[in-house]
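Dear colleague,

Please find below the structure that I am passing on to you. I would be grateful if you kept it open while reading the notes that follow it.

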Amino acid sequence: MKNVRLPEVAIIGAGVSGLTCGVLLAERNYRITIFAEELGERTTSAAAAAIWLPYDAEPADKVINWSLRTYDQLRTLAGQQNTGVSMIELRSFARHGEMPIPGWAKSLGAQPLVSSATAEISEGEQKSGPESVFTGGFMMIVPLTDTTRYLDYLRDRFINAGGTITVGVHLKEIGDIPRRFEVIVNCAGIGAGELVPDREIEPHRGQVAIVSKLDLPWATVCDDPPLMYAIPREADCVFGGTNSTSYDREPIPADTERIVAECSRSLNIEPPPVIAIRVGLRPFRKLGVRLESNKLSDGRTVIHNYGHGGCGFTLSWGCAEDVLKLLLFSSNSLR
């Protein structure tokens, strides 16, 4: 069998989408270079709570499909050492009205929560669960990716597979990628708004407070106003959050105060010390996640993979698998 020449591929962006695509393609022997302005803690991905949960992204049918495929991949990684991925109980609740269990959650074994407005909370939950009155909700086991470890894991796995990362690169347009790259994968996140350009990209600003480690047996999420989530990690806990339309990446003290107060009230604990504040811009796209290919004027193929909103980690592997499918199709057309 003759050797097949694989095209050299450039990936724009080193957040979770870019790194996951990089790993998947490099481990299939593609020659990959990631071009990024920022890496690690300075990316939007680093500011994410990064618990598996379809949130703030469209269209729903595709988002659920990508999410469930990513769930399987992350569950596998949770069984391996030094990945930063673990499985945790997620409790999602509502403060007002009923909260039916979504079909996708039922498929993963979700169970209803008994309303605290109509039932006694067991003594064991009084010190660890949400004490505010809630009217409905559900619990399920989901993957949690600790961004302080997982992004480094992906980076190291990518490099070990032969990939290269070039940091500090500011591109004015996609065509600025060197011509030797026959295929370009655009995982620019919020930057795609200017890079493509794409007027449908909208920055959904998320601010979180990193607080000292708490002995919480599960993660808590409430999407009712005010948005609240508490995600325990190995060394600390993520309190959130905000979801406003803004390009402002500077921490807002009033937001920090509200986040810590609401999370502490919901968990029925004293406000813990704040270790750090993180702000990220969720790359929401009004027309939905863009995962498709087109051509530049010079004939090169661009595969777009951006607009993941608030669930970049949740969609990462499912979307990367579809990027690979588009790349295989493109590679066949280049022969």
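**The six-stranded sheet**

Six strands form an open sheet with mixed pairing, in the order S6-S2-S1-S7-S15-S14. At its edges lie strand S6 (164-167) and strand S14 (290-295), each of which pairs on one side only. From one strand to the next, the twist averages 20°. Please bear in mind that this is a predicted model.

Within this sheet, strand S1 (residues 8-12) and strand S2 (residues 31-36) are joined by five bridges and pair in the parallel sense.

**Helix H1**

Is helix H1 mostly covered or mostly exposed? Helix H1 (residues 16-26) is mostly covered, as 11 of its 11 residues are buried. Among them are Val16, Leu19, Val23, Leu24 and Leu25, and the buried set also includes Ser17, Thr20 and Cys21.

**Strand S5 and its partners**

Strand S5 (residues 136-145) is largely enclosed by the rest of the structure, because eight of its 10 residues are buried. Which strands pair with S5? One of them is strand S3 (residues 85-94), which pairs with S5 in the antiparallel sense over 10 bridges. In this pairing, phenylalanine 93 stands opposite glycine 137 in S5. Strand S4 (residues 111-112) also runs antiparallel to S5, and two bridges join them. Here glutamine 111 has methionine 139 of S5 as its bridge partner.

**Helix H6**

At 1.5 Å a residue, its 15 residues should span 21 Å. The C-alpha atoms at the ends of H6 are 21 Å apart, which agrees with that expectation.

The buried residues of H6 are Asp255, Thr256, Ile259, Val260, Glu262, Cys263, Ser264, Ser266 and Leu267. An α-helix has 3.6 residues a turn, so residues three or four places apart point the same way.

What do the buried residues of H6 pack against? They pack against strand S8 (201-212), strand S9 (218-222), strand S10 (228-232), strand S11 (236-240) and strand S13 (274-285). Just after H6, asparagine 268 takes a positive phi of about 60°.

Yours sincerely,

A colleague

Terms used
Residues are numbered from 1 along each chain as its sequence is written. This is a predicted model: local features need pLDDT of at least 70, side-chain atom pairs count only at pLDDT 80 or more; totals for chains, interfaces and linings use all residues. Side-chain values use heavy atoms; hydrogens and water are left out. Buried means under 20% relative accessible area, exposed over 50%, partly exposed in between (1.4 Å probe, protein chains only). Helices (H or I, at least four residues) and strands (E, at least two) are DSSP runs, numbered from the N terminus. Two strands pair if DSSP finds at least two bridges between them. Axes are lines fitted to C-alpha atoms, for helices over the stretch in contact, and angles run from 0 to 180 degrees between N-to-C directions. The expected span of a helix is 1.5 Å times one less than its number of residues. Contact means heavy atoms within 4.5 Å.
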